[in-house]
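Morning, everyone. I have one structure for you today. Let me put it on the screen.

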Amino acid sequence: MSSADKTILSVKNVKKHFPIKEGVFQKVVGQVHAVDGVNFDIKEGETVGLVGESGCGKTTIGRCVAGLEALTEGNIYFDLPSDKIALLEDSEKQDDKKVSAEQIEEIGNSYDIGKIEGDLFNHYRRNCQMVFQDSFASLSPRQLVSDIVSRPLRVHNVCPENEVIPRTINLLEQVGLGAQHLYRFPHQFSGGQRQRISIARALALDPKLIVLDEPTSALDVSVQAQILNLLHDLQKKRGLAYLFITHNLSVIRHMADKIVVMYLGKVVEAGNTEDIFANPQHPYTKALLAASPDLQSEVTSGMAALDGAIPDPARPPQGCSFRTRCPVAQPECGWEVDDVVRRLEHKDSIFNFLKEVDQSDAFNAKFTFETEAAANQLMAAMKSDDIPDAMKKMVSKLNCDAEHVTVSFKPAKTVPLIACGNGSSARCVLVNK
Amino acid sequence: MSPDTIYSSDSLSGDLIASVSDLKVYFQSKQGMVHSVDGVSFDIVDGEMMGLVGETGCGKSVTARAFMQLIQTPPGVLAGGSIHFKSQKQCKKCTGSGCDDCSNTGREIVDLLSLTERQIRELRGDRIAMIFQDPGKALNPGLTIRSQVAEVFQEHRESDVFERAGIADTMSGLTSYLLKQYVRQETNFITKLLLKFPPFSLARKKVDKAINGLVSDALAETQIPNANKIMERFPHELSGGMKQRVMIAQAIACNPDLLIADEPTTALDVTVQARVLDLIKDLQKRHKTSVLYISHDLSLVRRVCDRVAVMYAGKIVETGDAETIFINPKHPYTQGLIKALPSMTHERGKLEAIEGMVPELIEPKAGCRFASRCKQKKANCDKTDPELKAVSNKDKSHKVSCFLYE
C-alpha cells in the first residue's frame with residue numbers, strides 16, 4: 001500500500017441533530033443530538049472502526065458519510081488533495097490569516113459532499129458505497145440478483161449494455177457466488193449469501209471507500225468468519241478503505257487499523273487498534289472492554305458493568321457526557337442540576353411533592369415544593385451518600401428557604417479530546433494526569 | 001412414560017431436575033417434513049446452569065419451547081421422545097414417601113410432552129419459567145408492567161394474594177366468590193359492579209394492595225430502581241435492559257425450579273448484557289434455580305454456564321463441562337466454531353471459517369449432518385448416524401457424536 005498516506009475522507013466537526021416535533025402543527029420542541037461534533041480521517045486502503053453502544057450515533061455517522069443524511073453542521077470532504085488539507089488545517093488556527101474565506105469556500109464547493117454537484121457529485125457517489133446491516137431490508141425482494149448487482153453499472157453508464165451481465169458475473173464470482181445465482185430472488189439465499197450480494201453491489205463501481213454498517217451482526221459466527229475473510233481479501237486486492245461500524249469489539253479488533261469509540265454522539269477515544277486495546281484511556285472504553293466476553297480472557301474475572309442508562313440525547317449533559325455513569329468521576333467533569341434529579345429520582349418520595357422547577361440554565365435551579373418537609377428532605381439527600389463526593393465539591397450554592405431549595409453548580413466547559421501519545425486521544429479529564 | 005429414563009445416565013453426579021430423551025420435533029412444510037430437532041437427549045442437573053449453543057436454525061429454541069409445550073401443532077409435529085421433569089411438588093401416588101413412580105425421591109415426575117393443556121398451565125410460569133429473546137416483543141404493549149407481572153400471581157399464587165391482603169381467614173360466601181373472580185380476572189358486568197361498592201370494595205382494595213406489594217417485591221428482586229413507579233409504566237417507556245429485567249421478574253416471580261433463558265441478552269448492548277447476566281447468575285445462586293441457557297455466543301456461554309451442549313442441525317454433537325468443551329473440543333464442528341471467533345491470535349483475513357452451509361433439514365438422509373462441511377470426513381460418515389458417546393472411560397460426562405472417537 002504505497003498510497004497509504006493519502007486521505008480519502010475527512011470528517012470535520014460533523015453534527016447531525018434530529019428535530020423532535022409535537023402537536024397538531026408539528027412544532028419543533030427540541031433537538032436530538034445524534035452526532036455532536038465528530039472528527040476523523042480515513043486514509044486509502046485503511047479500515048477505521050466505529051464502536052459504541054446502540055444510540056451513540058455510529059450509524060448516523062455512517063449514513064452521513066454515505067451522503068444519506070444532510071448535515072446540521074460541519075463538513076465531510078471526500079478525496080481531498082493533501083495541499084488542500086494543509087490549507088484547511090491552517091484555517092482552523094484562528095490567528096493565521098493567510099487562508100482567505102474564498103479559498104475555503106472553493107475547497108468546499110469542489111470537495112465537500114454536501115455542496116458538490118454534477119460530475120463531482122457522481123465521482124463521489126461512485127467511489128463511496130455502503131453495505132447495510134439488514135440484508136433482508138436492503139435488497140429489494142422483487143428484483144433478481146442480476147438486477148440488483150448490475151443496477152449501479154447501468155445507472156452510472158460505465159459499460160455498454162452487452163458487457164453488463166459478464167461484469168455482473170465477475171462481481172458475483174469475486175464474492176464467492178457464481179453465474180448460477182444470477183436469476184434468483186434474494187429470499188432464495190441464506191443470510192451470509194445475501195450479505196455477499198450486498199457486497200457485490202457495493203463493489204460494482206470499483207469504489208475507494210465502503211461504509212460497512214454492522215455487516216456481520218445478523219450472521220452466525222461461522223458465516224461471520226467467511227464474510228470477514230472476504231472483506232479482507234477484497235481490501236488487499238483493490239486497496240479499499242473501510243468505515244467499519246459495529247458494536248462487536250472482537251470483530252473490530254480483528255478488522256480495524258484505527259478505532260473511534262463513540263458515546264452519546266461524541267468521540268470519547270480514538271487511536272490505533274493495538275493502543276486502544278492494550279491501554280485504554282477513557283473509563284468508557286475500559287468498561288466496554290471489560291464487559292465484552294472473550295474466549296481468551298480468564299473466566300473468573302467478573303464482568304465489570306456500568307450503572308444506569310445512557311442519558312437522553314435530546315438533553316446531553318454539559319461537561320463530560322459520560323460522567324453520569326462514570327466510576328471515576330471527578331469534580332471538574334462538570335456537574336449540573338440534572339444530575340441531582342438523575343441521582344435522586346430513584347429515591348422514593350423526594351420529588352413527589354415537587355411543585356415547580358425554575359431552571360435559568362444547566363447549572364442553576366430553584367426547586368419549589370408543596371411542603372417544607374419535602375424541601376428539607378431534598379436538602380438532607382443532597383448531603384447524603386447518594387450524591388458522589390466529586391459532585392458535592394462543585395456545588396457552589398445550596399440553601400433552603402421554607403419550601404424553596406436553590407441549587408447552583410460551578411459552570412464547566414465541555415471536555416475536549418486530549419492527545420495522549422502515539423496518535424491516540426481521549427475525551428477525559430483524567431488523561432495525562 | 002417410564003420414569004427410569006431420568007436416571008438413565010450414570011455419568012452425571014447429583015440430582016437431575018430434567019431429562020430430555022430422544023426428543024424429535026418436526027415441522028410440516030410444502031417441501032416435506034423439516035426435522036428441526038431430531039433425537040436430542042440431555043440432562044439438567046438440579047441447581048446448575050446448562051448451556052445450549054448452536055447457530056441459527058439448529059433447533060435450540062425449538063427444544064426450549066418444547067419444554068413449555070409452546071410449539072404450535074400443526075405445523076409442528078411432536079414426533080417422539082420425552083422430557084421428564086421433576087418439580088418440587090410431592091408425588092401424588094406416595095405423598096412424599098417414595099415409590100417406583102418417582103424413583104424414591106418423593107417428588108412428582110412428569111413427562112412435559114404428554115401433559116394436558118390444563119396440567120401444563122399449572123407448571124408454566126410456576127415451576128418452569130421462560131425468558132424470551134426480545135423483551136420488546138414478549139411484553140404486551142397495551143398493558144402496564146404491573147398488570148403483566150401480576151398475571152403470574154393471579155394465575156399461580158391466589159392464596160398468597162389473599163394471605164398478604166390479610167383476608168384469607170375472614171373471607172366467606174359472596175365476598176370469597178367475588179374476590180376469587182376478581183383475582184382470576186373472570187369478572188362480568190354484575191360482579192364488577194358489586195365490587196365497586198362496600199363492603200366488597202374494601203376487600204377489593206386490600207387485594208389490589210397485596211398484588212401491588214407482590215409485584216413491587218418481584219421487580220425489586222431484579223434490581224429495578226423505584227419499582228413502585230416503574231409498575232405503572234408501559235413497556236415502550238422502558239429501555240431494553242429494563243424491559244429484560246421486567247421479563248426476568250415475571251419469570252422468577254414464583255421461584256421456579258427450572259428457568260429457560262432463550263438468548264436473553266441478544267438484543268442488548270454489551271454493558272447492559274453484563275448487568276443482566278450478573279443478575280441471572282446471582283438469582284440462580286440465591287434461589288438454587290436450574291437454568292437452561294440458550295445462546296449462539298460461545299464466549300458468553302463459557303462465562304456463565306457449568307455444562308454445555310453444542311447443537312448442529314437438530315442434533316447434539318458434543319456435550320460436557322463448559323471448561324472441557326472450550327479448552328479441549330473434540331467434535332470438528334465445535335472446533336470450527338471456536339476457531340471462527342475473531343481473536344487477537346488470528347492474523348487478519350485468516351479466520352478459520354467453516355466452509356459451506358448448514359444442510360437442509362427437509363427429510364434428511366442418514367449419516368452425520370456435519371459431513372458435508374467436515375474436513376476430517378471418513379467413509380462411513382455419509383452412511384450411518386454417529387451416536388453420542390463418552391470420549392473416554394475416565395470422563396463420562398464429556399460426550400461427542402463423531403466417528404473419529406470410536
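Start with strand β1 of chain A, residues 7-22, because Asn13(A) lies in it. Keep in mind that this is a predicted model. Asn13(A) is not a glycine, yet its phi is positive, at about 50°. For reference, exposed needs 12 or fewer, and buried needs 20 or more.

Now chain B. Glu263(B) is another residue other than glycine with a positive phi, near 45°. Where does Glu263(B) lie? In the loop between β7, residues 258-262, and α11 of chain B. Glu263(B) has 19 C-beta neighbours inside 10 Å, so it counts as partly exposed.

Next, the prolines. Look at the loop between α1, residues 60-67, and β4, residues 76-90, of chain B; Pro74(B) sits there. The peptide bond from Thr73(B) to Pro74(B) is cis, with omega near -20°. Go on to Pro75(B), also placed in the loop between α1 and β4. The bond joining Pro74(B) and Pro75(B) is cis, and omega there is about 10°.

Last, the contact between the chains. On chain B, 37 residues are in contact with 33 residues of chain A. Which elements give two or more residues to the chain B side? They are α11 (270-287), α12 (298-304) and α14 (332-340) of chain B. The most comes from α11(B), with seven residues. By type, the chain B side divides into 17 nonpolar, twelve polar and eight charged residues.

Conventions. Residues are numbered from 1 along each chain as its sequence is written. Chains are lettered from A and ligands numbered from 1 in the order in which they are written. This is a predicted model: local features need pLDDT of at least 70, side-chain atom pairs count only at pLDDT 80 or more; totals for chains, interfaces and linings use all residues. Two residues are in contact if their C-beta atoms, placed from the backbone, lie within 7 Å. Helices (H or I, at least four residues) and strands (E, at least two) are DSSP runs, numbered from the N terminus. Ala, Val, Leu, Ile, Met, Phe, Trp, Tyr, Cys and Pro count as nonpolar, Asp, Glu, Lys and Arg as charged, and the others, Gly among them, as polar.
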